Amino acid sequence: MSPSSASECYTLYKKTYMKNEDVTPIVPVLSKFGVLLIFTFGVFAAVIATALFAYLQYKYNYRTDAEPIRPPSHLPSESSLNINDESTIGLPLKSGGLQPFEEVEDTACISEAITSLQLALEMRLSGKKKKAIKLFQHAVALAPQHPDVLNHYGEFLEHTQNDVIRANEFYVRALTYEPNHESAMMNRERTARVVEELDKRLLRRIDEKRDALSAIPDNNAALTRAKKEAYFQHIYHTVGIEGNTMNLAQTRAIVETRTAVAGKSIDEHNEILGLDAAMKYINATLVNRIGSITLKDILEIHLRVLGHVDPIEGGHFRRTQVYVGGHIPPGPGDIHYLMEEFTSWLNSERAVRLHPVRYAALAHYKLVHIHPFSDGNGRTSRLLMNTILMQAGYPPVIIHKHHRHKYYEYLQIANTGHVSPFVRFIAECTEQTLDLFLWATTEFSKQVPALSQESLIRDRHRTIVLDSEGSGDFIDD
């Protein structure tokens, strides 16, 4: 369009719409500010809409391209709770037996325990021993820290069951929770000498059986078979204590042929292979060594125990806190110092001069109490115990998997400051293992029995009777 044409159009527009010269030209003014106002309003509305949408999305967890947002949880996941990790396994106890000492006893439990105790005493007076036993056990289960319950149950075991050793254990535990309990103090003082003499007798008997086994030539065919069978049984029971479900035949097949067992987990296979590797390492390097057991030796044992299951953690101290039932082991920052202190004790003259069974049992307890590893602490502790025993001429001791409840119970009692019951338990397991070897090497023995046979796993009855003055009339089994 030419300038003249534009001028003509503007003149026409002015004549048509602006006939009155006093009227202000509104349209051009609205064009400038209106656009700016609309643009500003649109931006503001967009901001409000975006903020509102974000708020609704957060409130209702609304997302179209992902799973709904869930609040964080401070509880462990179900998968982590189902992991069979030795470091999180508690101290299981027999049904109806003693419960963890750390458990808080409420008023209702104590009241029921006292009632059960009174009924038990009445049953005892009326001669109903079986009912009395059940009532005593019920009372102890309800109030495991009540000194009167513990003391009366000890008196029942001593005078009615002739079990002075267990009675003494209950007297000691009663004094743990009430040091000035007069009746428990008198009972403990009376039975302490008898129990000490019984322990000495047990250790002398063990030494005699060890010497009898040592007199058998190494090339004896029956002894060779017994050693081989005991090797498989040791692996079977040791991993079984931790929950491994392989039976003895499956364990033997894995060790001998390295073939997999259908329906069993990889970890269960690797636990057996790891223990096999650790025992071979001990046999090749530590059994015949003259000298101390070092920290490096313990780490090498653990490396093989856990190497197949968890190669990253094998041979290394844990870097996190663990919890074992009622026992809370030392923090990870203290482990190096405590393990150095432990190995110093392990090689001290005081420790080495102990009876080998006492020495081995204390080494086992001290190591498992520190709990230096994230997993495999029990297996490593039992292997260390057997290293000490084999260096002293004993066969590797087998702790029967069916006795795992007693095993954990005595470890728990040791945590309260009374380690003697655990040492005594290890001594009894040592004697049972020696009995197995001696039975297998007798002239007419055809095969080595499995330790699962109840005929060989019997509870030894302590038949010691005390007269009124407390002098011990000893009656052997």
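The model is predicted, so local features are reported at pLDDT of at least 70 and side-chain atom pairs at pLDDT 80 or more, while totals for chains, interfaces and linings use all residues. Residues are numbered from 1 along each chain as its sequence is written, and side-chain values use heavy atoms, with hydrogens and water left out.

**Overall make-up**

The protein has 18 helices and two strands; these are DSSP runs numbered from the N terminus, with helices (H or I) of at least four residues and strands (E) of at least two. Of its 477 residues, 44% count as buried, where buried means under 20% relative accessible area, exposed over 50% and partly exposed in between, with a 1.4 Å probe and protein chains only. The accessible surface comes to about 26,700 Å², and carbon and sulfur atoms hold 58% of that surface; areas follow the Shrake-Rupley method with a 1.4 Å probe. Among contacts with a separation of 6 or more, 66% join residues 24 or more positions apart, a contact being heavy atoms within 4.5 Å.

**Two helix pairs**

The axes of α4 (residues 107–125) and α5 (residues 129–142) come within 8 Å and cross at roughly 160 degrees. Axes are lines fitted to C-alpha atoms, for helices over the stretch in contact, and angles run from 0 to 180 degrees between N-to-C directions. The two helices are therefore roughly antiparallel to each other, the term for angles over 145 degrees. Their crossing is left-handed, meaning that the near helix is turned anticlockwise from the far one by less than a right angle. On the α4 side the contact includes Cys109, Leu117 and Met123, which belong to a set that meets residues of α5 including Leu135, Phe136 and Leu142. The contact residues divide into 12 nonpolar, two polar and three charged. Here Ala, Val, Leu, Ile, Met, Phe, Trp, Tyr, Cys and Pro count as nonpolar, Asp, Glu, Lys and Arg as charged, and the others, Gly among them, as polar.

For α6 (residues 147–159) and α7 (residues 164–177), the axes come within 8 Å and cross at roughly 165 degrees. That angle makes α6 roughly antiparallel to α7, and the crossing is left-handed. Contributors to the contact include Pro147, Tyr153 and Gly154 of α6, and Phe170, Tyr171 and Tyr177 of α7. The residues of this contact comprise nine nonpolar, two polar and four charged.

**Individual residues**

| Residue | Relative accessible area | Class |
|---|---|---|
| Ile282 | 2% | buried |
| His371 | 4% | buried |
| Asn162 | 28% | partly exposed |
| Asp334 | 44% | partly exposed |

Ile282 is placed in helix α11 (residues 266–285). Leaving aside residues up to four places away in sequence, Ile282 touches Val287, Ile301, Leu383, Thr387 and Met390. Ile282 and Leu383 are 101 residues apart in sequence, yet their C-alpha atoms are 8.4 Å apart.

Asp334 lies in the loop between α12 (295–307) and α13 (335–346). Its C-alpha is 9.4 Å from that of Ile370, a residue 36 positions apart in sequence.

Most residues other than glycine have a negative phi. Asn162, in the loop between α6 and α7, has a positive phi of about 55 degrees although it is not a glycine. His371, in the loop between α15 (356–370) and α16 (377–391), is likewise a non-glycine residue with a positive phi of about 55 degrees.

Methods. Parallel < 35°, antiparallel > 145°, perpendicular 65-115°, else oblique.
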